[in-house]
Amino acid sequence: MSNKEEFNWDNFETKGFGEGYSKEQRDQMAAMYEGTLGEITEKEVIKGTVVGVNDKDVIINIGFKSDGLVPLSEFRDLDGIKPGDTVEVFIEEQENVLGQLILSRKKAKIVRAWQDIEDALEHDNVIEGLVKRRTKGGLIVDIYGVEAFLPGSQIDVKPIRDFDIYVGKKMEVKVVKINHANDNVVVSHKVLIEKDLEKQKAEILNNLEKGQVLEGVIKNMTNFGVFIDLGGVDGLLHITDISWGRINHPEEVLQLDQKVQIVVLDFDDDKKRISLGMKQLTAHPWDSLASNLEVGSKVRGKIVNVADYGAFLELAPGVEGLIHVSEMSWSQHLRNPADFVKVGDEIDAVVLTLDKDDRKMSLGIKQLTEDPWTKNDMGTKYAVGTKHTGIVRNLTNFGLFLEMEEGIDGLVHVSDLSWTKKIKHPSEFVKVGDELEVAVLELDVDNRRLALGHKQLEENPWDTFENVFPVGSLHKCTVVSKNDKGAVLELPYGLEGFATIKNLEKADGSQVEAGDSEDFKVTEFSKDDKRIVLSHTATFKEESKPAKKEAKKKSDSGSTSTSSSAPAEKSTLGDLDALTQLKEQMEGGKK
């Protein structure tokens, strides 16, 4: 058989792997095998195909001469990894001591994450991250598996007071800074909002006009008002434009982050300062006042402010009336309004004036009680000659005002304080707040005038002094003060006399000086003017005969001896008993 003879089995026998091939055939087959393998580089990320999964590892083919193993734990974030899936892995070593290919999906994710982060920074890309936790000064956001820092100031355009509300939520951010030395990434959410706000802001400003009603969010609160975010544009709502009623702080009626309706009141040419109003969205409360409210009406309200000049009574939010301090009491002596009312008091009052056009109202509370000057018993209670005790409320140069009761004041003239002492100012006699006994001298109900006197409580001692200090009588006197014109002398019974310079000459030619006590002779006595003029010189110089006769006549009557022998000392003011006894003695001597 020719064909059988030509076939040689020896041509197919082999003694080992590769034997039976010629060198050319082996090189050709090796080249074909190498062509099926890709070129790989250590420390790079490459895509591979899952070819097998067991309890511990995932077997991945990356087109290399051997497959690589990756721990199954690195695929926990993927559900149901299975053969045929494509994943990215990091080539740590092409071949270790065991000839194995070392791969890592964990490192692949980190490398790829940093590449994506750098790309996002370079191309200004928006990244979605997950807020993992709160940290000092901001939040930690997971982007591509890398923890990035989101500063509190970069969360929103408005201040954030509670960072915890963002934890566990997804948030779009932009990479603003990478610090490779510390593997630190800083991101911002605020920049995304600002871009949207710029468009919104431009639209708002272009369409802004007075009277426009807008919606805004309260972003900041101060004692003078609140700042409202209108959508990238801030406006000021002043405290006086929040409510028609009086408020002390915006927090009484508003709160942070609250959405409010406001109206544009005004803005500057550049639209950088925008004034807003809230109360202007409602009608003014003055326009809804009761139609029967008029002068004389009795009203009730709450004290909302107390000033030096009076207090403001709020009848309704935005409707206030002034109670002047002079309308709080019938007393004519103004006091502090705080003596009558305090903030928060609810009281009744009477409308005194009302101007609905100018929205002004004045009120009074003293009108709730009867005017004491119009009482029926006024004429008898303060009849001339009646005695009363009052409180000193005011001092003037000409006298003092005495409050007899609330609303009833009387004047005590300085000349009606004492019969004997010359008082230049009432402060020499009394002080404000003292009680003083007086007698009524004059009453004029129509003109509301009451004249009072203190000295009138006692008899006029000058009727007695006329007999005690007759012209020519001698008295021991002390010089109280001295000047170019003369000297003031202290006489018995607290009286004062006067001596001219020429009448101070002593027998030896010297002058009587202040503090000296000498005998003086009365040269003039005026009961009406309450004036006594004396002379020391006249005590030793010769007198004319008529004068001697007059002196002798009075000496015989015992007046001179009595006067000269009287001790030169002060008696208490108004010592009427002593003066009366003296007068009786003198009258008995004449008889």
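Which strands each supply at least two residues of the lining of the largest pocket? Select strand 18 (319–324) and strand 20 (360–364), and you have them. Strands here are DSSP runs of E, at least two residues long, numbered from the N terminus.

Before going on: this is a predicted model, where local features need pLDDT of at least 70, side-chain atom pairs count only at pLDDT 80 or more, and totals for chains, interfaces and linings use all residues. Residues are numbered from 1 along each chain as its sequence is written, and side-chain values use heavy atoms, with hydrogens and water left out.

**The pocket**

Now pick W244, G245, K279, G318 and E320, which lie nearest the centre of the largest pocket among its 17 lining residues. Strand 18 gives the largest share of that lining, three residues. A pocket is an open set of points on a 1 Å grid over the protein atoms alone, where a 1.4 Å probe fits, with protein on both sides within 12 Å along at least five of seven lines; lining residues have an atom within 4 Å of a point.

**The rings**

Next, show the aromatic side chains: the whole structure holds four aromatic pairs (ring centres of Phe, Tyr or Trp, its six-membered ring, within 6.5 Å; planes under 30 degrees apart are stacked, over 60 edge-to-face, the rest tilted). Zoom to F224 and F227, an edge-to-face pair at 6.3 Å centre to centre and 90 degrees between the planes. Then jump to F398 and F401: their planes stand at 85 degrees with centres 6.4 Å apart, so this pair is edge-to-face.

Key. Helix = DSSP H or I, 4+ residues; strand = E, 2+ residues; numbered from the N terminus.
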